Amino acid sequence: MQEVNKIAVFTSGGDSPGMNACIRAVVRTALYYSKEVVGIKRGYQGMIENDVIPLYAYSVGNIIQRGGTILQTARSKEFMTPEGRERAYQTLIANGINGVVAIGGDGTFSGARVFMNEFPDIRFVGIPGTIDNDLYGTDYTLGFDTALNTVVEAIDKIRDTADSHNRLFIVEVMGRDAGFIALNSGLAAGAEAILIPETPTSIEEVIKRLEEGKKRKKTSSIIIVSEGDDAGDAFAVAQKVKGKVDFDTRVVVLGHIQRGGSPSCKDRVLAAKLGMGAVETLLSGGKGVMVGVRNGEVALTPMDKAVKHNQEINPGLLRMIDILSR
Ligand code: F6P
């Protein structure tokens with residue numbers, strides 16, 4: 001096994017709060033073990049274009065609290081081609097890099113797997129960085145907790161105005177094709193209905209719920225719609241309930257505010273664990289694995305498993321929501 005001499009770190013796919021704290025952890029751990037460390041800017045695209053910067057302990061000072069990613073991020077189409085990957089490989093070789101820490105989601109890990117099959121002399125280790133929490137093999141992804149806090153804060157504010165006006169608000173949240181943000185924020189904010197892609201949506205059932213609430217003198221209602229729901233987006237759901245509920249209705253799409261902002265304490269602690277865990281995994285010979293957490297401890301999952309398997313929805317959570325949202 002060839003020793004890892006120089007480590008590169010990059011962020012890829014959609015950004016998520018805590019990526020900077022994680023870059024900091026990677027850099028400072030690598031330096032602790034006397035390894036050189038560089039940052040690749042703009043994900044795989046920067047790898048193709050040799051956009052590589054040296055990173056020192058001071059380069060990652062004062063970033064632990066900042067949202068976004070100092071390395072920027074991208075979704076590279078060129079990396080999906082053999083020519084693009086060959087150019088990326090040449091960048092790594094020219095810079096003497098043989099260990100890579102990839103912070104991103106399933107697209108990032110799929111790219112890493114293809115690359116490692118073609119160029120086995122480069123070792124990749126992945127860190128789950130996405131607000132969606134949709135990766136198998138980790139209880140939490142980096143940025144999920146912060147995104148949840150952002151959503152809950154927004155819904156609390158929406159509830160104030162909804163209640164004053166006796167209104168129904170339909171709030172759309174992110175999550176691509178996963179309902180974790182919707183479920184957890186909906187539970188925390190006391191939403192009356194939560195629509196997620198993992199379970200079929202019955203609009204009739206939603207309407208029945210709202211009517212029951214109205215009879216019990218509820219002065220506002222909130223429906224959370226995960227962007228990938230089978231009933232459609234928040235506007236589509238508003239159309240479907242129009243005229244069928246005795247509430248004046250408004251739609252709010254929370255959008256990219258969910259991706260920004262200062263990471264929560266929980267995400268910063270997670271960033272430290274994952275960043276340090278990734279470097280130590282690389283240095284002890286690991287490759288092709290995602291470094292996640294299970295029950296608070298660092299846990300490794302082969303990247304192909306993390307990508308191919310789905311993170312399951314907890315049935316206990318669904319039951320709790322069903323009982324408490326009435
Ligand atoms: O994967 C993170 C995420 O924010 C998803 O929740 C969402 O579907 C998607 O990225 C949005 O991507 P973009 O920023 O490219 O519009």
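Visitor: How far apart do the C-alpha centres of domain 1 and domain 2 lie?
Guide: This is a predicted model, and the domain assignment divides its protein chain into domain 1, covering 6-143 + 263-308, and domain 2, covering 144-259. Between the C-alpha centres of these two domains the distance is 34 Å.

Visitor: How many residues does the contact take from domain 1, and how many from domain 2?
Guide: Contact here rests on heavy atoms within 4.5 Å. On that basis, domain 1 brings 18 residues to the contact, while the number from domain 2 is 13.

Visitor: Which three residues supply more than any other three of the area that domain 1 buries against domain 2?
Guide: The area buried between the two domains is about 1200 Å², with 49% of it given by carbon and sulfur atoms. On the side of domain 1, 42% of the buried area comes from one trio of residues, namely Ile 131, Asp 132 and Asn 133.

Visitor: Which residue forms a salt bridge with Asp 15?
Guide: Between domain 1 and domain 2 the count is 1 salt bridge. Asp 15 has a partner whose closest N or O atom is 2.7 Å away, and because a salt bridge requires a side-chain nitrogen of Lys or Arg within 4 Å of a carboxyl oxygen of Asp or Glu, the pair qualifies, the partner being Arg 259.

Visitor: How many charged residues are on the side of domain 1 that touches domain 2?
Guide: Across this interface, 9 residue pairs are found in polar contact. Sorted by class, the side of domain 1 that touches domain 2 has 5 nonpolar and 7 polar residues, and the number of charged ones is 6.

Visitor: What share of the area that the ligand exposes when taken alone does the protein bury?
Guide: The residues surrounding the ligand include Arg 75, Gly 175, His 256 and Arg 259. An oxygen atom of the ligand is 2.5 Å from a side-chain N or O atom of Arg 75, and a polar side-chain atom of His 256 lies 2.8 Å from an oxygen atom of the ligand. Taken alone, the ligand exposes 400 Å², and the share of this that the protein buries is 75%.

Terms used. Residues are numbered from 1 along each chain as its sequence is written. This is a predicted model: local features need pLDDT of at least 70, side-chain atom pairs count only at pLDDT 80 or more; totals for chains, interfaces and linings use all residues. Side-chain values use heavy atoms; hydrogens and water are left out. Domain bounds come from an automatic or database domain assignment. Buried area is the accessible area (1.4 Å probe) that two parts lose on being put together, summed over both. A polar contact is a pair of N or O atoms within 3.5 Å; within protein, one must be able to donate a hydrogen and the other to accept it, and residues adjacent in sequence count only if both atoms are side-chain atoms. Ala, Val, Leu, Ile, Met, Phe, Trp, Tyr, Cys and Pro count as nonpolar, Asp, Glu, Lys and Arg as charged, and the others, Gly among them, as polar. A residue is near a molecule or strand if one of its heavy atoms lies within 4 Å of it. Accessible areas come from the Shrake-Rupley method with a 1.4 Å probe; for residues, only the protein chains shown count as cover.
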